[in-house]
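Have the chain open as you read, and follow along residue by residue.

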Amino acid sequence: MGILNFFRKRKVEETTEPELKKDLPQVINDDKQINNILEEEIKNFFPEKGVWYSNCFELPKDICYENLPCHLRDNDWMSKLLHQNLIDKNIYIPKQTIKNFVDSSVNFANLRHEYELRIVKWQINYIKKGGSYWLAPKGLDEFSLMFSEDVDKIIRAGVVKTLKAINMDIEVIEEGLEKYAEIWRPYAMSASFCHIYEPLQLLVGTPPKADDDHKKNWLANREYEYYQRHKNSVDKYGTKTPAMEMTNEEHSKIISILEKQNELRSKFIENWTTKSIHHTMKNTDEDVL
C-alpha cells in the first residue's frame, strides 16, 4: 500500500468510526436501571387527549401512535411501541424485558386506564357536538339526533358500538359513560323530551314551552327507566339520581300523572299546529291577493 493510500484509509476510519458508534443504541443491562428508565418513559407514553381517527376501524397492525387507541389491551403490540420509542432515544432494552414490564406494571395499567377513559370522554363529546362517522344503532345515523325521541339511547349505544369496533374494552366504555354521565345524559334526555313535546314544525316553528312540572316528571321517569336498563354500570361506576332511587309505588304515581300530562300536551300540540298552519295559510292567501 502506498503511503498516500495509507493516510487516506486512516482518515476514513477516523471520521466514520465515531459516527457509527454514535448511532449504536445504548444497551442497558442493569435491572434497576431498566425499571427506572421504563417507569420514566411511560409517564408521557399515553397522549393527553383522547382523540382518535377512523383508521382505527381497520385495526391496523403498524407500530405507530396513530394506531394506539385500537391496541390498548394488546400488551405485545404496546411493548413494541414502547421499545420503538426507546430506540428512537438511542436506548436498547430487549423486547421481552419490556413486554414483562408492560404485563406486570401497576403504574402502566393505571396510566393506560386513564387514557382509555379520555378516549371515552372524547367520543361522548364528539357525538354530542355533531361529529360524523361514528356508528349509530342499526337503522339510524348521526342525523337522528336532530329529531329522535331517544337521543339519550342513541348517544349511549353509539359510544358503545363505535368504541367496541376499534377494539376497546367494554368495561372501560361502561365506566366512562357513567363517570361522565353529566356531560351527556341530562342534555340528551332533555333533547328527547323537546323532540316529543316541544317539536320544531317545519311550517310554523316551535310550540310554546311545555309545563315545567310535566318535563320534571317525564325526566324523572326517564332516569328511572335508564337505571333499570343499566343498573350494574350505574352502581359500579356512576352516581344514582334521586329519580333512580324511586320506590315502585313512587314510580307508579309518576306514571299515572304522566299519562294525563302526556295526553294533554299531545292534544295541545295537535291543536296548536292546526291553528298555526291555518293562520299561516290565511296570511299567505291575503298576501297573494
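Axes here are lines fitted to C-alpha atoms, for helices over the stretch in contact, and angles run from 0 to 180 degrees between N-to-C directions. Helices (H or I, at least four residues) and strands (E, at least two) are DSSP runs, numbered from the N terminus. Keep in mind that this is a predicted model: local features need pLDDT of at least 70, side-chain atom pairs count only at pLDDT 80 or more, and totals for chains, interfaces and linings use all residues. Residues are numbered from 1 along each chain as its sequence is written, and side-chain values use heavy atoms, leaving out hydrogens and water.

| Pair | Axis separation | Angle |
|---|---|---|
| α7 (residues 170-179) and α8 (residues 181-197) | 6 Å apart | about 70 degrees |
| α5 (residues 106-128) and α8 | within 10 Å | roughly 25 degrees |

Let's start with α7 and α8, which pack at an angle of about 70 degrees. That makes α7 roughly perpendicular to α8 (angles of 65 to 115 degrees count as roughly perpendicular, under 35 as roughly parallel, over 145 as roughly antiparallel and the rest as oblique). Who meets whom? L177, E178 and K179 in α7 meet A181, W184 and R185 in α8, where contact means heavy atoms within 4.5 Å. Those residues split into three nonpolar, no polar and three charged. For this count, Ala, Val, Leu, Ile, Met, Phe, Trp, Tyr, Cys and Pro are nonpolar, Asp, Glu, Lys and Arg are charged, and the others, Gly among them, are polar.

Now for the other pair: α5 and α8 cross at roughly 25 degrees, and they are therefore roughly parallel to each other. On the α5 side the contact uses K121, I124, N125 and K128, and on the α8 side I183, W184 and Y187. This set divides into four nonpolar, one polar and two charged.

Next up is α3 (residues 75-88). At 1.5 Å a residue, its 14 residues should span 20 Å, and its end C-alpha atoms are 20 Å apart, which agrees (the expected span is 1.5 Å times one less than the number of residues). Buried residues of α3 include W77, M78, L81 and L82, buried meaning under 20% relative accessible area, exposed over 50% and partly exposed in between, with a 1.4 Å probe and protein chains only. The buried residues pack against α2 (31-41), β2 (91-92), α4 (95-104) and α5. Just after α3, N90 takes a positive phi of about 70 degrees.

Finally, find E223 in α9 (residues 212-229). At 22% relative accessibility, E223 counts as partly exposed. Leaving out residues up to four places away in sequence, E223 touches M189, T241, A243 and M244.
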